[in-house]
Amino acid sequence: MKREGAPRLIDVAEAAGVSLASASRAMSGGSGISPEAAAHVRGIAQQLGYEPNMHARGLAGGLVPTIGLVVHEIGDPYFSDIASGVIRSATFENRSVQIAQAERTPDSELAQVKSLMRQRIGSIIIAGSGYADSHREQRMSDALVDFTLAGGRVAVIGRHYLPVDAVLPDNHRAGVSVGRHLAELGHRRIGVVAGPLELNTVADRIAGLREGTDEPGVELTVVSQAFTREGGIAGARELLGRGLTAIVGLNDAMAIGILSELRQHGIRVPEEMSVVGFDDIAVAADVAPALTTARIPMFDMGQHAVSLILRPASDEPRTIATSHELIIRQSSGPPAPVAI
């Protein structure tokens with residue numbers, strides 16, 4: 001099927017049978033590709049009618065060493081911990097960091113990234129989940145390809161489909177650990193307060209929970225709310241009265257909201273309802289009861305992202321996969337015995 005719209009560099013690479021990085025080098029005259037291969041790529045580009053983004057090309061040589069960091073909510077401990085890791089590593093490299101905040105929409109993210117590009121920022125780190133549907137990442141993908149053609153460096157955190165270096169949180173296996181923990185405690189009816197279902201972080205964590213609770217008689221009930229404390233409160237209200245013995249918040253802010261709502265209803269945790277979160281933000285150990293959660297190394301992820309943008313460009317995107325740790329505290333326990 002013929003693709004609508006102007007051809008992109010990735011279309012040229014696919015038609016020529018080379019990597020995106022090799023196509024980029026062929027079009028820009030860079031090293032690392034043979035003259036014959038470069039001529040082949042340029043011939044394919046001419047056949048397809050591909051025209052390089054001359055605005056992006058014009059930025060080459062004029063980029064500043066500042067790192068642009070795009071987050072969804074700097075007040076969210078998840079993103080503030082990532083930002084701390086980025087800033088710490090950038091400081092060691094004598095680089096400054098400019099933080100941009102985007103809404104959780106492709107349009108808002110793209111607007112912030114393009115704003116950083118217009119300021120000739122030399123490196124961009126995008127933190128926060130991408131989308132389970134890869135087509136929603138396409139315009140961002142095109143923009144980042146143009147940016148890297150201009151000599152920019154990009155790393156992303158928690159994104160599966162963008163053609164750049166990536167730090168990948170251990171979301172799926174963290175979900176397995178949480179699910180297995182609750183199943184081994186004896187929980188069979190478990191509620192999940194998820195963030196927006198189109199986010200790949202949400203999809204990965206739910207898939208892990210399903211794998212970890214893949215036992216006869218275990219049932220997951222999933223509701224979707226905002227990825228915030230208020231979303232956790234709303235989700236808990238939606239789940240109460242359904243005969244559940246445990247509720248999982250897909251991040252700690254949501255789980256803290258769940259604890260608050262259960263407290264309002266006089267439901268004891270964990271005696272009457274277990275609660276588990278994800279991330280292990282600093283306050284997770286200080287709430288009452290202390291929160292069981294899957295620890296994700298946010299600070300380290302920020303440092304990993306900086307290490308990726310400091311490396312020379314590569315033919316293929318590189319990934320750094322992180323680990324997780326299940327931190328068992330007082331908010332989870334076996335379900336209450338069924339009265340006979």
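Author: In this predicted model, helix α10, residues 229-239, packs against helix α11, residues 252-264, with the two axes 6 Å apart and at an angle of about 50 degrees. Because of that angle, α10 is oblique to α11. Their crossing is right-handed. On the α10 side, the contact is made by R229, G231, G232, I233, A236 and R237. The α11 side contributes A253, M254, I256, G257, I258, S260 and E261. By type, the residues of this contact divide into six nonpolar, four polar and three charged.

Next, the nonpolar cores. The largest one has 61 residues, and I125 and L250 have the most contacts inside it. Leaving aside residues up to four places away in sequence, I125 touches I67, G68, L69, V70 and V86, as well as A155, I157, A305, V306 and I309. Another core, of 19 residues, lies apart from the largest one; A100, A143, L162 and A166 are among its members. In soluble globular proteins, nonpolar side chains tend to be buried together.

Beyond residues up to four places away in sequence, E109 touches H72, A102, E103, S129, Y131, M140 and R159. P337 is 228 residues from E109 along the chain, and the C-alpha atoms of the two are separated by 48 Å.

Terms used:
Residues numbered from 1 in each chain as written. Predicted model: local features only at pLDDT ≥ 70, side-chain atom pairs only at ≥ 80, totals over all residues. Heavy atoms only, no water. Axes fitted to C-alpha atoms, helices over the stretch in contact; angles between N-to-C directions. Helix = DSSP H or I, 4+ residues; strand = E, 2+ residues; numbered from the N terminus. Parallel < 35°, antiparallel > 145°, perpendicular 65-115°, else oblique. Left-handed = near helix turned anticlockwise from the far one by under 90°. Contact = heavy atoms within 4.5 Å. Nonpolar A, V, L, I, M, F, W, Y, C, P; charged D, E, K, R; others polar. Core = buried A, V, L, I, M, F, W, Y, C linked by side-chain atoms within 4.5 Å. Buried < 20%, exposed > 50% of the residue type's maximum accessible area, 1.4 Å probe, protein only.
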